[in-house]
Amino acid sequence: MNKSSDKINPWYWISSLYLAEGIPYIVVITVSAILYKRMEISNSELALYTSWLYLPWVIKPLWSPIVDLFKTKRWWITTMQLVIGTGLAGVALSLPGPDFFRYSLVFFWLLAFSSATHDIAADGFYMIGLHPKDQAYFVGIRNTFYRLALIVGQGGAVMLAGQLEKQMPVAYAWAIAIGFLSVLFILFFIYHLFVLPRPTEDRSAASGKNIWQEFWDTFASFFRKDHIGIALAFMLLFRLAESQLLKLASPFMLDERVAGGLGLSTSVVGFIYGTVGVIALALGGITGGILIARNGLKRWIWWMTAAMNLPNLVYVWLAHAQPENILLISSCVAVEQFGYGLGFTAYTLFLILFSAGKYKTAHYAICTGFMALGMMLPGMISGYIQEAKGYPRFFLWVMLCTIPAFIVVRYLRIPEKEQL
């Protein structure tokens, strides 16, 4: 990192960059499910189609070398933020139309591809824009701000839509809420044009006739890494339970009590996940970063796996008891989200450690591609399982799906050099 980069406080750009990285992901993967639920799309359909939207994150390794080889990561970040703002506007404009499901999905696909590309550039920029000693410390911070996107997306936007639903048709309420996010992303684009540092290492790696050899070497070198088999199993299975819980948690909160849900309003669901849940998530992420920076990932990986998975039990209880007390429901979500913050911090740091090397940007993208695959496939069938078995048995199934994570962590090899 050059001296001019040192003059820019990392807090000025890490916080905003990962907030901008998290918002479109949350909108595409989570908010879209709430939106379609309110637009009366069935659980099986919304889970299937919104899980398909993971595909750009699954296949992004196929074009991640392009981000390394052409232009700068700074250029890719700002350009994709402009495209994301445009895609959000497209979703907003399509919702009031008669064929909203088809056209909104088209714009959600645009958002997904541009967001996945933004992720590649932002994660690579993180690794070259910070001194190595700072990367372990800021991993919890970056994850926290990434998840703070819930406040803006699953919190603010959903709560706004919920309030507007009381005054106008659902489609128009959601069009305004998504339009708000579009304006916000244009502001992100302008802000990062001026604030992002310019590390000397951030440059095009293209080298004329050797470009395709570089492209191939990027992939080949990843699959030659030590202990690649168990690492891939970890990437695919660590979030097996969460991949299904994520798809049905909000529909469970929104569904009528006679259908097995909690019968909460859109605004209340936005408040629970966008405020109480985010605070707990932030505390978990920050705590996880501090613990790992102090004692190392190997010391904490098993405990953070338990923290990631065991709190899912709260949904088993919620589905059986169907409590009406909002404070009690919020407390259950807070427990689950705090554990998730701890576990996801460990997961992210392992990906960073495993990606270290010449092609660290592209290799990190490959890691997150396998992570997305592990989220997409189980998520696609989660709606069908829930509709066939009901919410109580579905959440018991989710708990069974936590077992593979504990097994694979038992054999995981943490890279010895944890000082990135």
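# Close-up views of a predicted model

**View 1. Helices α15 and α18 cross in a left-handed way.** Keep in mind that what you're looking at here, and in every other view, is a predicted model. Helix α15 covers residues 313-321 and helix α18 covers residues 391-400; they pack at an angle of about 170°, and their axes are 8 Å apart. Angles over 145 degrees count as roughly antiparallel, so α15 is roughly antiparallel to α18. Who does the touching? On the α15 side, it's L313, Y315, V316, A319 and H320. On the α18 side, look for Y391, P392, F395, L396 and M399. Sort the residues of this contact by class and you get 9 nonpolar, 1 polar and no charged residues.

**View 2. Zooming in on the rings of Y315 and F395.** If you count rings as a pair when their centres lie within 6.5 Å, the count comes to 27 aromatic pairs. In the pair Y315 and F395, the ring centres are 5.5 Å apart and the planes sit at 35°, so this pair is tilted. Y315 belongs to helix α15 and F395 to helix α18, so the pair ties together parts that are 80 residues apart in sequence. Are these two residues buried or exposed? Y315 has a relative accessibility of 1% and counts as buried. F395 is buried as well, with a relative accessible area of 1%.

**View 3. F395 also pairs with Y391.** This aromatic pair is stacked, with 6.1 Å from centre to centre and 20° between the planes. Both Y391 and F395 are buried. Where do they sit along the helix? They are 4 residues apart in helix α18, which means about one helical turn separates them. Here's the bit of background that helps: an α-helix has 3.6 residues a turn, so residues three or four places apart point the same way.

**View 4. Helices α3 and α12 make a right-handed crossing.** Helix α3 (residues 43-52) packs against helix α12 (residues 240-254) at an angle of about 140°, with the axes 10 Å apart. From α3, the residues that make the contact are N43, L46, A47, T50 and S51. From α12 come K247, L248 and P251. By class, this contact of α3 with α12 splits into 4 nonpolar, 3 polar and 1 charged.

**View 5. L246, a residue of helix α12.** L246 counts as partly exposed, at 26% relative accessibility. Which residues does L246 touch, leaving aside its neighbours within four places in sequence? The contacts are with I29, T30, Y54 and M375.

**View 6. Helices α6 and α7 pack at an angle of about 160°.** Helix α6 spans residues 73-94, helix α7 spans residues 100-129, and their axes are 8 Å apart. That angle makes α6 roughly antiparallel to α7. The crossing of α6 and α7 is left-handed. Their contact has 17 nonpolar, 10 polar and 2 charged residues.

**View 7. The buried residues of helix α19.** Which residues are buried in α19 (residues 403-411)? They are A405, F406, V408 and V409. What covers these buried residues includes α11 (228-237) and α14 (297-309).

**View 8. Two residues with a positive phi, E40 and Q322.** Why point these out? Most residues other than glycine have a negative phi. E40 isn't a glycine, but its phi is positive, near 70°. You'll find E40 in the loop between α2 (10-38) and α3. E40 is exposed, with a relative accessible area of 75%. Q322 isn't a glycine either, and its phi is positive at about 45°. Q322 sits in the loop between α15 and α16 (326-355). With a relative accessible area of 21%, Q322 is partly exposed.

Definitions and conventions: Residues are numbered from 1 along each chain as its sequence is written. This is a predicted model: local features need pLDDT of at least 70, side-chain atom pairs count only at pLDDT 80 or more; totals for chains, interfaces and linings use all residues. Side-chain values use heavy atoms; hydrogens and water are left out. Axes are lines fitted to C-alpha atoms, for helices over the stretch in contact, and angles run from 0 to 180 degrees between N-to-C directions. Helices (H or I, at least four residues) and strands (E, at least two) are DSSP runs, numbered from the N terminus. Angles under 35 degrees count as roughly parallel, over 145 as roughly antiparallel, 65 to 115 as roughly perpendicular and the rest as oblique. A crossing is left-handed if the near helix is turned anticlockwise from the far one by less than a right angle, and right-handed if clockwise. Contact means heavy atoms within 4.5 Å. Ala, Val, Leu, Ile, Met, Phe, Trp, Tyr, Cys and Pro count as nonpolar, Asp, Glu, Lys and Arg as charged, and the others, Gly among them, as polar. Buried means under 20% relative accessible area, exposed over 50%, partly exposed in between (1.4 Å probe, protein chains only). Rings of Phe, Tyr and Trp (its six-membered ring) pair if their centres lie within 6.5 Å; planes under 30 degrees apart count as stacked, over 60 as edge-to-face and the rest as tilted.
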